[in-house]
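Me: I'm looking at this one for the first time. Could we go through it one question at a time?

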Amino acid sequence: MSSLRNCPVEPNAGQDTQKVFKRCSFFLFGTVSRVSHFHEQKKSKQENIYQEVARVKAEMGRLCRLCPWDWTFFQGNCYFFSKSRRNWTDSVTACQEEGAQLVIIKSAEEQSFLQLTSKNKGDTWMGLSDLNNEGTWYWVDGSYLFFRFMKYWNEGEPNNDGEEDCVEFKGDGWNDSRCELEKFWICKKSADSCSNK
Ligand SMILES: [Ca+2]
Ligand SMILES: [Ca+2]
Ligand SMILES: [Ca+2]
């Protein structure tokens with residue numbers, strides 16, 4: 001078998017140059033084959049990696065993000081719990097700027113979830129006021145407050161004490177408060193649908 005030993009850099013005097021050339025050709029061919037086989041293996045490993053990356057990318061695209069990263073998903077909607085405080089009107093604007101609304105409550109489950117979150121955090125604005133007509137409560141989307149939600153008022157509220165036209169989560173229930181006071185706020189918008197992506 002050919003090896004590097006049989007393939008001298010300088011053929012000795014008297015050696016058959018043609019034989020040496022033949023041996024060296026075998027040796028070189030063997031070496032080139034091994035190197036090329038190594039490169040093939042490397043290439044195929046690389047291709048596998050590329051394929052895997054493409055597969056993971058496709059999978060990530062398929063998994064749909066329901067809410068923006070700092071929003072909370074709950075029963076088909078996304079909620080933003082502010083970290084700072086604003087007055088009621090500025091809270092309405094802050095939510096609009098996010099393509100959302102100062103929160104409008106539609107169900108008992110949602111009410112419990114938001115009330116508890118606010119209780120742990122501090123007084124928090126919702127999208128309900130009687131700014132347009134004293135004593136008549138409207139949500140920011142123009143819908144009126146259903147009778148079944150009246151039970152969420154704290155005892156003795158709403159009392160319009162010193163002109164209170166905006167509603168907050170306070171303790172275990174709702175309170176009408178002065179709109180110019182700065183409080184936390186909650187925005188709400190529909191979650192994205194995975195089927196659209
Ligand atoms: Ca009023
Ligand atoms: Ca009022
Ligand atoms: Ca009050």
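Me: Where is the place of N160?
Reply: Strands here are DSSP runs (E, at least two residues), and helices are runs too (H or I, at least four), both numbered from the N terminus. Residues are numbered from 1 along each chain as written, while chains are lettered from A and ligands numbered from 1 in written order. By that naming, N160 sits in the loop between β5 and β6.

Me: Can I take every bit at face value, and what kind of model is this?
Reply: Some caution is built in. Local features need pLDDT of at least 70, side-chain atom pairs count only at pLDDT 80 or more, and totals for chains, interfaces and linings use all residues, since this is a predicted model.

Me: Is N160 buried, exposed or partly exposed, and why?
Reply: A residue is buried if 20 or more other C-beta atoms, placed from the backbone, lie within 10 Å of its own, exposed if 12 or fewer, and partly exposed in between. N160 has a positive phi of about 50° although it isn't a glycine. Because it has 13 C-beta neighbours inside 10 Å, N160 counts as partly exposed.

Me: And how does E163 count, buried or exposed?
Reply: E163 lies in the loop between β5 and β6, with a positive phi of about 70° although it's not a glycine. Most residues other than glycine have a negative phi. E163 has 10 C-beta neighbours inside 10 Å, so it counts as exposed.

Me: Which residue does a cis peptide bond join to E157?
Reply: Most peptide bonds are trans. Here omega is about 0°, and the residue in question lies in the loop between β5 and β6. The partner of E157 in that cis bond is P158.

Me: Stepping back, how many strands does the protein chain have?
Reply: From the N terminus on, the elements run α-β-β-α-β-α-β-β-β-β-β. That comes to three helices, and the strands number eight.

Me: How many of the residues of β4 are buried?
Reply: T124, M126 and L128 point one way from β4, and W125, G127 and S129 point the other way. Both sets are buried. So β4 is mostly covered, with buried residues numbering six of six.

Me: Which residue in β8 stands opposite W125?
Reply: Strands pair if DSSP finds at least two bridges between them. β4 and β8 run parallel, joined by two bridges. Opposite W125 stands W185.

Me: Which residue in β6 is the bridge partner of S129?
Reply: β4 also pairs with strand β5 (residues 138-139) in the antiparallel sense over two bridges, where S129 stands opposite Y138. With β6, β4 pairs in the antiparallel sense over three bridges. There, the bridge partner of S129 is C166.
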